[in-house]
Every structure is written in C-alpha cells, then in structure tokens.
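Please open the model in your viewer and keep the selection tool at hand. The stops below say what to select next and what is there.

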Amino acid sequence: MEFLINLVNGLSLGGVYAMIALGYTMVYGIAKMLNFAHGDIIMVGGYTVYVFLNLFNPLVANAPWLAFLSPVVAILASIIVCPILGVAVEKTAYKPLRGASPLAVLITAIGVSYLLQSLALIIFGADVKFVIIADLGAIKLGDLIIKYNTIITLVATVAVMVGLTLFVKFTKTGRAMVAVSEDRDAARLMGVNINLIITVTFAIGSALAALAGVCSLLETPSLTSTFGALPGIKAFTAAVIGGIGSIPGAMVGGLLLGVVECICNSIPPLAPYTMAVEFIILIVILLVKPSGILGKKRREKV
Amino acid sequence: MAKIWNAICKVKWKHFVNYIAIGIVGLIFSIMTLTTKLPMSTTVLLETITLNIVLAVSLSLVVGFLGELSLGHAGFMCIGAYAGGIISCIFKESNIEEGKGILTFIVSMIIGAVVAGIFGFLVGLPALRLKGDYLAIVTLAFGEIVKTVLENLDLKVENGFNIRGALGMRTPRFDKETLFIIGFVLVLLTVFIVQNLIRSKHGRAITAIRDNEIAAKASGINVTKYKLMGFVISAALAGIAGVYFSFANYNVKASVFDYNYSIEILIMVVLGGMGNVSGAIISATAITWINTELQTSLTGELAVLKDIIYALILVIIIIYNNAPGLKFFRERFNLRRGIDWIKHKVLRIKHDASHEKDDESAWDRVPTKIEMNEVLSTDFVVVESTQNPDKEEK
Amino acid sequence: MKFTRILALVLALVMCCGMLASCGGGDDNTANKNVLGTNVSASDEFTAGNKVVKIGCSGPLTGPAAVYGLSVEKAAKLAVSEINAIAAEELGFTFQFIMLDDKHDPMLVTNNYASLIEQGVQITLGTVTTGPGLEFKEYSHDDNVFVLTPSASGDDIPEYGNAFQMCFADSNQGTASAQYFNENYVGKKVGIFYKSDDDYSTGITNKFKSALDKSFTVVEASFKGEESNFATQVNTLKDCDVIFMPIYYTPASQFMLAGKNTVKANAIYYGCDGLDGIDAVEGFDINTIPQEISYLSHFNSGATEGEAGEFIARYNAFEGDATLNQFGAAAYDCVWAIYEALKFAKAKGTTFGKTTSSSNFCDILSQVLPHEEFQFHGVTGAQTNGGLNKSDISWQKNGFVNKEAVKYIVKEANK
C-alpha cells in the first residue's frame with residue numbers, strides 16, 4: 001500500500017518532469033543546444049496564468065456557470081505568450097550564434113535565464129504567489145488518494161507525447177525537423193528552410209514549457225521567480241536518462257525520476273540524499289547505456 | 001649593447017607574458033600591502049580574483065583544451081575546501097601555527113590536491129565512454145552528489161575538526177592582509193602547470209583528442225591516458241583553489257559549491273575564449289570585478305538591476321565574440337589590431353621579420369581545426385574498436 | 001469562520017537562555033574598557049566630513065530569500081526616517097541606513113562587510129540570515145564593530161560579545177517548543193517537517209528532538225533546496241496529531257495545501273518564527289486549511305492593536321512595496337533599540353557624536369544593551385508591559401535576547 005501511494009505521488013511529480021523534459025528534448029534534438037532558459041520560460045508561463053486568472057476571475061465571479069472560462073483563458077494565454085517569448089529569445093539571442101561554438105550558445109542561454117528571472121523579480125516582486133487554476137478534488141481508494149489534477153497532468157503528458165511523435169513522423173514540418181536534426185547541411189541541400197524549422201521548434205518547445213508550467217501549478221500552486229530553475233535541472237536529468245532527443249525517452253525518464261524522488265523522500269534517513277540518489281541512478285544508467293534508456297546509438301564517423 | 005638587445009628580442013616573450021603580467025601586478029599589490037595598508041575591500045577583491053583565475057585556468061584545461069564540457073568544477077573545489085578546512089583545524093588543535101600559517105597551507109594544499117585529483121580520476125573514467133552533453137550532466141551530477149553528501153555530514157573528531165551538516169565547518173582564516181599574495185603565487189603555479197602541459201607533447205596530444213578523437217587514436221595517441229590526465233590535473237588544481245577558499249573564509253559550507261558556481265566558472269572560461277589561458281585570466285578578473293562593483297554600487301532597491309546588467313553584458317559579449325555574422329566587424333575592431341595600430345602608428349616600431357617566431361604553432365592558438373570529414377570520404381565508417389564497443393558520438 | 005485571525009495568548013514564555021551559556025564561546029567581555037560616562041567623541045577616521053551616523057546591513061535582496069531582506073530594508077528605513085525627526089534634538093545627529101545584497105550567499109558577505117565599513121558605516125545590523133552571518137560576525141569581531149542582527153538566529157552569532165540578536169536563538173526556539181510539547185501535547189503522535197539543508201531548520205530540529213520527552217512517538221520528514229512537491233512528506237506525516245515545522249512560511253504553505261485533505265483534520269501545525277506571514281501569502285487562503293495553524297514567535301504580522309498594530313499601519317503607508325514579515329519587524333526594533341541605547345548612554349554621561357568610530361560605538365552599545373537598567377520596548381515580543389501594549393526587551397551578556405514569546409494561533413481547527 002505504502003509503495004502504491006508513493007508510486008502515485010511519483011507519477012504525479014514525474015508527469016510534470018516529463019512534460020518539461022519533452023520540451024527540453026525537442027529543442028535539444030533539433031537545435032542541438034542545451035536550453036538552460038527552458039525552466040525560466042516555464043516560470044513566464046506560470047506568471048502569465050497568474051495575470052490572466054487575476055484579470056478574468058472578477059469578471060466571472062457573478063456567473064458561476066462561466067467559472068470554467070477563466071482557467072481556460074489563462075492556459076490559452078500562456079500557450080500563446082510563451083511561444084512568442086521563445087521565438088523572440090531565439091531570434092535575438094540564439095540565431096546570431098548559429099554556426100558558432102555550442103558552448104557560446106549555452107552561455108547565452110544562461111544569460112537569458114538570469115535576465116528572465118530578474119525581470120520577473122522586478123515585475124512581480126519576491127513574494128510567493130499561490131496560483132490555484134483548478135481544484136477538482138480527488139478519488140479516494142482507502143488510503144490511496146488520486147487527485148484529478150494528477151490524472152489531468154498524466155493524460156496531458158501522454159497526449160503531448162503521442163501528438164509530438166505523430167507530428168514528427170507524419171507531417172512535412174515534422175519530417176523536416178528530423179532531417180535538420182540528422183544532418184543540417186544535407187537538409188539544407190534538400191531545400192529545407194533551416195531557420196524556419198528551428199524557429200518552429202522553439203515555438204513548440206516554448207508551448208510545451210507553458211503546458212509544463214500549467215501542470216506544475218496544478219501539482220504545486222506556488223509561484224516565484226525561481227519557479228522553473230529546479231524543475232529545469234531535474235527535467236534535463238530526466239531527458240538524459242531517457243535518451244536526449246528521444247520523445248518517448250523524455251517521458252520514461254521523467255516518470256522514473258519522479259517515482260525515485262518520491263520513494264527516496266518517503267524513507268527518512270535517505271530523504272536528505274534524494275538528489276544524490278537520483279544522480280547516482282543517472283550515472284549508472286549512462287555507464288550501462290551511454291545514450292540513455294531509449295536513446296539512439298549513433299556510429300562515429302571520421 | 002646591441003647584442004643584449006638582440007638577445008632580448010630573441011626571447012619568446014609571448015610565452016612569458018602571463019607570468020610577467022601577473023608577477024608585476026602581484027608584486028605591486030604585495031609591496032603596497034606590506035608598506036601601507038590596503039583597504040579591506042581591495043584585499044578581498046584580490047583574493048576573489050586570484051581564486052577565480054585559478055578555477056578558470058584549471059577548468060579551461062578540460063573545457064578549452066580537452067574539449068569536454070564540465071559542469072562539476074565546484075565539486076572538486078568543495079572537496080579541496082573540506083580537506084583544507086580539516087587539515088587547518090587539526091593543525092590548530094595541535095597548536096601548529098594556529099592552523100593558519102604557510103606550513104599549514106602547503107600541507108593542506110598538497111592533501112587537497114591529491115584528494116580532489118583522486119575524484120578527478122573517478123569522474124574522468126565515465127569521460128572515456130561518454131561525450132559532450134552526456135558527460136556534462138555526469139559532471140553536474142558529481143558536483144551535486146558531493147554537495148549533498150557533505151551537506152548532510154555530521155562528523156566530530158575530538159581535538160580535531162567538527163563538520164556540522166548544513167552549518168558546515170568553522171576553519172581558521174589566514175591573515176586578511178597578506179593572503180592574496182599566496183593567491184598570486186597560486187595563480188602563477190596554475191598558469192605554469194597548465195601552460196607547460198599544453199606546450200609539451202602531452203598538450204599536443206590533448207588538443208589532438210579535442211579536434212578529432214578517432215584521428216588521434218589512429219595516430220597512436222593513448223586517449224585514455226590523456227583524457228584522465230586532463231581531468232586529474234584540472235581537478236587537483238580546483239582542489240588547491242578549494243583549500244585557498246577555506247583559508248579565505250571563516251566557514252566552509254557545502255551549499256556554496258552548487259552547480260551555479262560551476263556555471264559561473266564556465267562563463268569565465270567561455271568568455272575568455274576557449275583554449276586560451278590569457279583570455280581565461282582576463283575574463284576571470286573582469287567578471288569578478290564587474291560583479292563586485294555591481295554588488296556594492298547598486299544598493300537597496302537597485303539591487304535587482306545587477307543581475308539584469310550582468311546578464312546583458314554576458315549575452316552581448318558572447319554574441320559579439322562568437323556570432324559568425326559579426327566576423328568582419330570583429331576583425332576590424334579588436335584588441336590585437338588596436339595594439340598593432342599603437343605599435344606602428346603611435347610608437348613607430350617597425351615590423352621586424354627576423355623576430356617573428358613560430359607564432360602560428362604557438363601553444364595557445366591551434367591555427368586550424370582540421371575537419372576530418374572534409375579530408376576523408378564521408379561514408380567511411382570506422383570499425384568500432386573491441387575495447388569500446390559502445391563508443392559513440394552525436 | 002468569523003475571525004480570519006485569532007490571536008490567543010496561550011503561552012507567554014520568557015526565553016531563558018541561562019542554560020545555553022555554554023554556547024557563548026570563550027571571549028570575556030570584561031576585557032572591554034568601561035566607556036560609559038566617558039568622552040569618546042573624537043575619532044580620526046570619521047572627522048572628515050561625516051554628516052550622519054551610518055547604519056549598515058547585508059541581506060538577500062535578490063534570489064529565493066529576497067522577501068526577507070526586502071522587508072528588513074523597508075522597515076529599517078521606516079525606523080530611520082522616524083528617528084531622524086527627533087534624533088537631531090536628542091542626540092545631535094541623524095542616521096542613514098545602507099543595505100547591500102548578499103543573495104543569502106556567505107561568499108558575497110565578506111565584500112559587503114568591507115564595502116560597508118569603507119563607506120563609513122559605524123553601527124551594523126549584521127546580516128538578515130544566519131549563513132552569511134557566520135562570516136560577518138568574525139569580521140565584525142576582528143574590527144570591533146557592533147552588530148545587532150534582526151533575524152540571523154544561529155546560536156553562534158553572538159559568540160564574541162560585540163553581536164546581539166533581536167530574534168530568538170535557534171536552540172532557544174527548539175527547546176521552548178519542546179517544553180511546550182512536553183506540557184501540552186502528552187501522548188500525541190508528533191511529526192517533524194524540516195528542511196535538511198538549512199541551518200535554521202536543522203538547528204531548531206536538533207534542539208527540539210533532544211529536549212522532547214522520550215515518551216513521544218516521533219515521525220520525521222524533510223525536504224531540501226527549492227523543492228515544492230510535498231506529496232510524499234504529507235503521506236509520511238498524515239497520521240500525526242501535532243506537526244512541528246521549523247521552516248519558513250513559503251514551504252509551509254505548500255505543505256499545508258498539499259496536505260489539507262490527507263493530514264488529520266484535527267491535527268495541529270506548530271511552527272517557529274519563520275511561519276509568521278503565512279496568512280499574507282497571495283492566493284493562499286488559510287481558511288481552506290482545516291487544521292489548526294499556530295506558531296511560537298515574537299511578532300504577529302496580523303496584529304491590529306497595540307504598538308505592533310500601529311507599526312504595521314505605518315509600515316504599509318511607507319514608500320516601497322515589500323511585504324512585512326517578522327524579519328522587518330525585528331529590523332525596525334533593532335534600529336530603535338540602537339537609538340534608545342545611545343540615548344541611554346548619553347543620559348549616563350557618555351559623549352559621542354557623528355564622528356565617533358565604529359569601534360567606540362561598539363564599546364558603548366555592547367555595554368548598554370546588556371546593562372541591567374536598560375530596557376527597550378518594541379513591536380516584537382508579547383505586547384503586554386502592564387497594559388501599555390508594548391513589549392519588554394532586554395539582552396543578556398552573551399548576546400541572546402530576553403523577551404516574551406507568544407504562541408499565536410493563526411487559525412483554529414475547523415469544527
């Protein structure tokens with residue numbers, strides 16, 4: 001029973017990690033860059049939800065049957081705002097560096113991350129804000145409590161994963177993305193507009209970040225300017241465990257990490273070492289399988 | 001007279017410019033602090049700058065010359081800091097130099113370097129199997145594991161040391177006014193070790209591995225040995241920096257050495273130009289100085305602005321330095337051209353071809369990165385070696 | 001529920017620190033020369049154009065802990081502006097407050113300390129948080145600079161006799177809480193929820209555990225860093241009757257929200273001074289939490305009457321938008337205590353001025369604060385003072401504060 005409870009808690013946490021890792025892995029697979037600012041786009045998504053909820057809640061206060069409207073509007077708004085921000089960041093900060101050393105892009109991403117965090121601190125202040133999008137209650141099965149929010153998160157994550165896989169496999173843009181990730185120069189020769197594809201990737205990645213922000217708020221509704229920093233690192237770990245660049249891998253890695261974290265936290269002497277345990281699992285997996293659980297093996301060319 | 005002048009001209013000054021610059025600056029400040037008292041903010045700034053130079057130069061060995069991304073440099077430093085703290089606490093309890101003398105420093109420096117070097121070896125092992133970002137996350141993981149374990153360590157040894165979990169460890173602090181002199185010596189030592197390693201045949205092997213691992217292996221370079229060598233030396237130097245840190249603070253606390261600190265060091269290396277020791281020194285100095293200035297000048301409500309200013313500076317410099325689109329602009333306006341212009345137009349020094357050294361093969365600039373893909377057939381697939389069946393690269 | 005905030009004076013406990021004298025360390029104050037009643041006004045360092053007496057402080061203004069530092073800054077500025085209206089007449093000089101950002105990082109505090117001293121700061125409020133404070137106290141001890149910290153509650157902070165605390169020391173909070181548990185919660189199942197990488201939280205927890213009666217069944221759960229998903233910890237603690245949480249209010253509110261349907265509805269959340277401000281978290285409605293929320297603290301940021309209530313009104317009217325918490329209230333008291341202490345010294349015949357050096361100020365203040373005749377009335381501590389609605393605050397020789405702590409019940413359990 002105890003294990004089952006931890007498993008459910010772990011899946012709910014892992015769902016959020018998986019959602020973030022999907023965005024990470026998309027951007028990494030195609031743009032070949034570690035987007036350290038991904039976590040901060042999640043934070044921006046969270047604040048967008050906060051702003052729109054505050055705008056719309058008074059409007060629907062008199063009409064209870066419209067109450068569902070404000071969360072829907074807020075979520076849609078964050079799904080619109082985040083891609084705009086993501087593309088803007090890509091155009092101004094990353095695009096000039098296309099073709100430069102990947103490390104330079106990494107450092108730029110870190111700079112963008114600092115920038116977004118301090119802007120949020122200036123605009124919204126340092127106080128924590130609770131953003132309750134929806135509280136739908138829970139299913140109780142004896143000691144086992146499954147929140148509807150958890151179910152929504154998991155369903156959304158699976159849907160996004162399936163949708164992304166189909167998108168990449170069966171649409172023209174998706175195929176072009178695969179081509180760019182396999183070999184950028186060959187793709188260009190085949191008439192793929194690389195810049196456009198990378199921009200689209202960032203837009204999709206940022207929309208996923210917005211969704212991740214919503215899922216994260218459904219689980220833990222507290223919002224600060226460092227809201228995305230720790231989940232960002234955890235999701236990066238999850239993406240690597242699953243095989244960075246692999247869409248189902250991100251899902252597997254995220255859920256695994258969530259479950260491990262909850263099981264560790266439930267054992268008091270082990271609880272302070274959760275981070276260490278997670279990272280040891282990461283190292284072991286990478287040593288056994290250097291490209292992650294579902295990562296593709298690539299042959300080395302001279 | 002002319003003979004001496006010629007002899008001076010023949011010395012490869014380029015190889016010594018770092019030592020001379022650091023030596024002169026260090027000497028000036030040392031004389032100042034020994035004669036007139038320097039303000040505390042200056043000595044503290046010098047301590048931080050020298051610390052960061054040691055860290056940046058040692059990290060540039062792995063990132064710039066070996067070509068592996070490491071996000072766990074602060075972890076090695078953390079090990080060094082705890083080792084240094086433990087030694088100086090034991091020395092203090094044994095009434096040797098109150099735990100803050102030169103002898104204590106040398107002993108703890110050696111022990112810190114050895115312990116950190118051992119961990120560098122352990123982290124270097126996965127580096128044989130992993131590449132690029134996979135290795136980056138392993139190093140990040142290592143740093144966080146070290147931090148987490150030390151953060152939860154409660155260890156008290158009677159008449160020895162006392163590590164108090166999240167509170168960290170209290171250590172004796174070295175004399176505030178003269179510690180930075182040791183810092184300058186450490187910088188010289190680090191630069192000496194790294195430069196000489198890079199200029200030697202080992203260094204050429206290390207840069208060859210960076211440029212093309214398979215080609216290097218095919219040329220008979222022992223990749224395993226040189227990768228491990230790079231990691232161990234870099235980690236040992238970071239360990240020395242950690243010991244230095246423990247002597248510059250009254251407390252050693254593991255939570256300081258998180259991945260953000262590693263990233264901060266990485267920023268210094270990248271900003272200075274990959275594989276460029278002088279660049280790492282300059283950028284470590286500049287970043288530390290800018291951060292300190294922002295921290296003390298933006299007080300109160302303005303404090304929030306300092307991260308924005310820092311981030312903007314970072315992004316602009318990186319784009320200016322690296323953007324392929326700005327190459328033309330960069331070639332017209334840069335420091336080297338500026339120096340040349342002053343040399344030729346202002347000082348009227350004639351360009352003397354006889355003094356031209358083998359600069360193109362200088363240690364700090366590998367002239368061209370040979371793209372083996374362009375040389376060999378792109379379809380050529382190397383048969384995977386039996387030692388490393390899973391060897392791969394993205 | 002009618003009253004969103006019920007204030008119950010369940011416990012008024014003078015934090016007695018005599019038992020903790022062992023923490024005081026080695027330094028003996030008697031080495032200080034007696035400066036009370038003497039003339040210390042001239043000092044070479046500060047004669048050059050010092051127009052005001054500068055009070056400095058280092059605290060987190062950015063980063064995850066920024067909310068505490070910002071509150072301190074605003075409250076200290078409020079206190080300085082109020083004092084300056086009367087100080088010129090009473091003391092002959094006015095004050096200026098300077099605050100630098102340390103991001104709750106011990107590495108940045110050394111530079112802040114040096115910068116403050118070189119800007120001519122004569123009196124300091126030390127640091128806002130304990131971690132950087134452990135560095136700060138060493139430097140201030142080396143230079144003999146006075147420290148009256150609002151909220152760095154580590155036991156080691158007042159070790160050297162030049163540093164005093166306005167907040168209760170961690171160990172005192174842990175011991176006092178454990179005593180309260182021993183007397184009031186006999187036979188109940190006790191849960192502890194703490195932050196394992198935080199010196200404040202682990203410090204209190206360790207003292208609490210050692211002082212707690214051995215007959216209690218204790219269950220522990222912990223978290224670290226910026227974690228915010230507490231489903232597992234809630235599950236571990238769900239059967240407890242009383243949950244002791246020596247943490248700050250942000251994670252506490254996250255825990256309560258996560259556990260509102262899982263933890264026993266008649267359970268009691270019992271925190272320390274870090275929990276103050278929990279009812280002011282935006283979007284977190286404490287009335288949706290069925291359990292009782294209470295904490296042992298020296299300040300109630302929801303007070304409406306007494307000195308504290310008036311202070312809160314003035315604070316909210318003052319420029320700046322930082323939310324008030326007990327850190328700010330303590331900082332407000334610190335500045336006023338410094339002013340009152342200087343007035344006391346002047347009344348005793350000590351002469352000093354705006355050019356007095358930091359070391360001389362330190363000698364004066366560190367003799368006045370623990371002086372048996374010196375008594376300060378502030379906004380922190382139980383607001384009684386024989387019906388005057390003020391608190392009585394005094395200091396011990398070892399730097400710990402004496403004032404009455406109160407168990408505030410933020411919200412009673414839903415019936």
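Begin by selecting helix α5 (residues 148-170) of chain A together with helix α10 (residues 247-265) of chain A, whose axes come within 9 Å and cross at roughly 160°. Axes here are lines fitted to C-alpha atoms, for helices over the stretch in contact, and angles run from 0 to 180 degrees between N-to-C directions. The model is a predicted one, in which local features need pLDDT of at least 70 and side-chain atom pairs count only at pLDDT 80 or more, while totals for chains, interfaces and linings use all residues. Residues are numbered from 1 along each chain as its sequence is written, and chains are lettered from A and ligands numbered from 1 in the order in which they are written.

Are α5(A) and α10(A) roughly parallel or roughly antiparallel to each other? They are roughly antiparallel, a word used for angles over 145 degrees, whereas angles under 35 count as roughly parallel, 65 to 115 as roughly perpendicular and the rest as oblique. Their crossing is left-handed, the term for a near helix turned anticlockwise from the far one by less than a right angle, with clockwise giving right-handed. To see the contact, show Thr157(A), Met161(A), Leu164(A) and Thr165(A) on α5(A), and Ile247(A), Pro248(A) and Met251(A) on α10(A); two residues are in contact if their C-beta atoms, placed from the backbone, lie within 7 Å. By class, this contact holds five nonpolar, two polar and no charged residues, where Ala, Val, Leu, Ile, Met, Phe, Trp, Tyr, Cys and Pro count as nonpolar, Asp, Glu, Lys and Arg as charged, and the others, Gly among them, as polar.

Stay in chain A and select helix α2 (residues 38-60) and helix α4 (residues 102-124), which pack at an angle of about 25° with their axes 9 Å apart. These two helices, α2(A) and α4(A), are therefore roughly parallel to each other, and their crossing is left-handed. On α2(A), Asp40(A), Met43(A), Val44(A) and Tyr47(A) meet Ser113(A), Leu116(A), Gln117(A), Ala120(A) and Phe124(A) of α4(A); six of the contact residues are nonpolar, two polar and one charged.

Now display the whole of chain A, which has eleven helices and four strands, helices (H or I, at least four residues) and strands (E, at least two) being DSSP runs numbered from the N terminus. Of its 302 residues, 58% count as buried, meaning that 20 or more other C-beta atoms lie within 10 Å of a residue's own, with 12 or fewer for exposed and partly exposed in between, the C-beta atoms being placed from the backbone.

Next, colour the side of chain C that touches chain A: 31 residues of chain C are in contact with 30 residues of chain A. The elements of chain C that give two or more residues to this side are α1 (66-90), β8 (217-223), α6 (231-237) and α7 (249-258), and α6(C) gives the most, with five residues.

Within chain C, centre on Pro150(C), in the loop between β5 (146-149) and β6 (163-165). Pro150(C) is buried, with 30 other C-beta atoms within 10 Å, and its contacts beyond four places in sequence include Val72(C), Leu125(C) and Phe327(C).

For the last stop, select Asn159(B), which has a positive phi of about 55° although it is not a glycine. Asn159(B) lies in the loop between β1 (154-156) and β2 (162-164) of chain B and is exposed, with 8 other C-beta atoms within 10 Å.
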